[in-house]
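Hello,

Here is the structure I promised to pass on. Please open it and keep it beside you while you read my notes below.

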2 protein chains.
Amino acid sequence: MTVTIYDVAREANVSMATVSRVVNGNQNVKPSTRKKVLEVIERLEYRPNAVARGLASKKTTTVGVIIPDISNNIYAEAARGIEDIATMYRYNIILANSDQNEEKELSLLDTMLGKQVDGIVMMSDAVTDKLHQSMKHSPVPIVLAGSVDDTNEFPSVNIDYFQASYEAIQLLLNNGHKRIAFLSGPLAYTINSKYKLEAYKKVLQDAGIEVDEQLILSEESSYDSGIEAWETFSSLDNPPTAFFAGSDELAIGIIHGAQDHGKKVPEDIEVISFEDSKLARMVRPKLTSVVFPLYDIGAVAMRLLTKIMNKEKVEEKEVILPHRIETRQSIKL
Amino acid sequence: MTVTIYDVAREANVSMATVSRVVNGNQNVKPSTRKKVLEVIERLEYRPNAVARGLASKKTTTVGVIIPDISNNIYAEAARGIEDIATMYRYNIILANSDQNEEKELSLLDTMLGKQVDGIVMMSDAVTDKLHQSMKHSPVPIVLAGSVDDTNEFPSVNIDYFQASYEAIQLLLNNGHKRIAFLSGPLAYTINSKYKLEAYKKVLQDAGIEVDEQLILSEESSYDSGIEAWETFSSLDNPPTAFFAGSDELAIGIIHGAQDHGKKVPEDIEVISFEDSKLARMVRPKLTSVVFPLYDIGAVAMRLLTKIMNKEKVEEKEVILPHRIETRQSIKL
DNA sequence: TTGAAAGCGCTAACAC
DNA sequence: GTGTTAGCGCTTTCAA
């Protein structure tokens, strides 16, 4: 059947403790012994059983990743960042989709803790009280990636969403626009309601422009929603001339909606997005967009997690990555 | 510390076997006993240790997923399909990226087998001999998703790439084109070299058109490659008037390349793709594309895997899903 | 430098 | 219906 550490020990005429030592790179093994054991391992094609090891050592070298939806490019980027760093530190990843559903998030947390993951990277667009409570009860560290928890009780990696949004909208203001629409993703998501929307209000206010609720729309973050939103906005008595979109798909929807109705971008309307996925360069005009560096966020979050799991001290538990705006043709330069 | 099955047993005045029974839903427990145990479990917040369970039962209820690159939309779709079905059957997923690198594939296989996964879903665009050998040695079932192995020794889920490509190119032929280019993804990938390219040659041949090697280009499957390919093709003495692209990004690259040079699609050139990701509807003109149903392929592959892990008999180990072409504006109707 | 032995927390006979 | 017990394959003291 499967060959165990015991088989190797017997064949090599040593104890299983010694085999364990060579497998784990323990230095207290005479070179000749090590060589002998290694040969037997090779010959028998011995492969350590990570489950047994996990039970004995209480470490599984796997981390849980809870993500809203892996088929959504933005989260997939983050997942890649997480996985790359995990691999670098020899961790494997248990990946699961929550669909941003609290119940699933809770149950996934539980499942993963049951599987004895050594840590968890959590992406959640809305950290509810219940979720917050469950996370606090976790026996292993959890870091939030691209997700905000109002209480700042968890290590996290983000950018300054408020400031980034503020700057983006300011670009539109600088181009002379007075009627700027904000097409947001779901306002149930903290980043949208607490940062992007607040920034939108603040920047207009700072510019002495009154906020017109008609210019604020919250939709599911999809291409079709973008197209529909354009219809809605453009049929207003005093339609907007510039748009701040919560995501690339939303932005592209607006642009195509406009173009399909004979409008020119950026001549007639200007659009700026918040995401900068690879889609941004694949439309005409190419999108100007706040860069949401999900790969980096994932990678840094995972790195942070390794430190915490490793009980290294970390100076800042709430990492704010620098943000920037990628300027392209969807706004006038 | 952490509460174990033993703690529950003690508190409930039963043996750990009884606790194990109620946890596992075994019917041979008196309702009153079950109730008592359940209460204690609740009170103590007992959470079964899946690692211990895995060691004892030799089942981990987790499956490995080896994928070229999760940040690539097409694979992410597949991953989502896999995960959805896995969840449905109470499996978790260990996800890892291979970057289509044989060495990584081999090492990932090994790692996952070490972690005692109950099965593996493998996506590989090029099943090399070495990989094939390793897979054959696996103690747990492996199913290929959207990936072909020449020998047909593994269960797999695919569409009929040859036939689908044949039909797609035929559409171009029917529209009167004689100069049809094939912009392929890497020819190192079996699907590209063995099916798409062969179909391209065959369909031309069947139409009495000689294959012009100048009209065949193989590039990395990216938007930029598509744009570059357009440059190459359009500078030919007798440039192509229609294009069969191996992926949506390639197709969009061609279209934008053409449009940026004043060509109209589909009036001046026609383009048909092979993928049909959500990108297909997000370009103007929208892409006509062979549908590569990755979500379904992933889902069916995972379902197939559950059957095999469960030792149910499966009638067909090589599933060929139906294919279809989504007709949109990038070709004349 | 090496070995013996006690678990890790659970499942699965087997007995009662 | 319930309890006893022997592992599952490994890590980790503790001795030698």
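Four helices each supply at least two residues of the surface near DNA strand C: α2 and α4 of chain A, and α2 and α4 of chain B. One caution before you go on: this is a predicted model.

There are 28 residues around DNA strand C. The ones that come nearest are A:Arg21, A:Thr33, B:Ile5, B:Ser20 and B:Tyr46. By class, the residues of this surface divide into 12 nonpolar, 11 polar and 5 charged.

Which part of DNA strand C lies within 4 Å of the protein, sugar or phosphate, or bases? Both do. Of those atoms, 60% belong to sugar or phosphate, and the rest belong to bases.

- A backbone N or O atom of A:Ser15 sits 2.8 Å from a phosphate oxygen.
- An N or O atom in the side chain of A:Thr18 is 2.6 Å from a phosphate oxygen.
- A polar backbone atom of B:Ala52 is 3.3 Å from a base nitrogen.

Which helices supply at least two residues each here? They are α2 (16–23) and α4 (50–57) of chain A, with α2 (16–23) and α4 (50–57) of chain B. The largest share, 4 residues, comes from α4(A).

Of the atoms of DNA strand D within 4 Å of the protein, 59% are in sugar or phosphate. The rest are in bases.

- A polar side-chain atom of A:Ser20 is 2.6 Å from a phosphate oxygen.
- A polar backbone atom of B:Ser15 is 2.9 Å from a phosphate oxygen.
- A polar backbone atom of A:Ala52 is 3.3 Å from a base nitrogen.

**How the two chains are related**

Chain B can be laid on chain A by a turn of 180° and a shift of 0.1 Å along the axis. The RMSD is then 0.1 Å. That is the relation of a two-fold axis. In chain B, the C-alpha nearest the axis belongs to B:Ile94, at 2.2 Å from it. Both copies use the same surface: 100% of the contact residues of chain B recur in chain A.

**The nonpolar cores**

The largest nonpolar core has 167 residues. Which of them touch the most other members? The answer is A:Leu95, A:Tyr200, A:Met302, B:Leu95, B:Tyr200 and B:Met302.

Take A:Tyr200 as a case. Beyond residues up to four places away in sequence, A:Tyr200 touches A:Ile169, A:Ile180, A:Ala181, A:Phe182, A:Val211, A:Leu215 and A:Ile216. There is also a second, separate core of 34 residues. A:Ile94, A:Leu131, B:Ala96 and B:Ile120 are among them.

B:Ala12 is in helix α1 (residues 5–12) of chain B. Is B:Ala12 buried or exposed? Its relative accessible area is 1%, so B:Ala12 is buried. Leaving aside neighbours within four places in sequence, B:Ala12 is in contact with B:Lys36, B:Val37 and B:Val40. For a sense of distance, pick B:Gln170, which is 158 residues from B:Ala12 along the chain. Their C-alpha atoms are separated by 72 Å.

Best wishes

Conventions:
Residues are numbered from 1 along each chain as its sequence is written. Chains are lettered from A and ligands numbered from 1 in the order in which they are written. This is a predicted model: local features need pLDDT of at least 70, side-chain atom pairs count only at pLDDT 80 or more; totals for chains, interfaces and linings use all residues. Side-chain values use heavy atoms; hydrogens and water are left out. A residue is near a molecule or strand if one of its heavy atoms lies within 4 Å of it. A polar contact is a pair of N or O atoms within 3.5 Å; within protein, one must be able to donate a hydrogen and the other to accept it, and residues adjacent in sequence count only if both atoms are side-chain atoms. Copies are superposed by least squares on the C-alpha atoms of residues with pLDDT of at least 70 in both. Contact means heavy atoms within 4.5 Å. Buried means under 20% relative accessible area, exposed over 50%, partly exposed in between (1.4 Å probe, protein chains only). Ala, Val, Leu, Ile, Met, Phe, Trp, Tyr, Cys and Pro count as nonpolar, Asp, Glu, Lys and Arg as charged, and the others, Gly among them, as polar. A nonpolar core is a set of buried Ala, Val, Leu, Ile, Met, Phe, Trp, Tyr and Cys residues joined through side-chain atoms within 4.5 Å.
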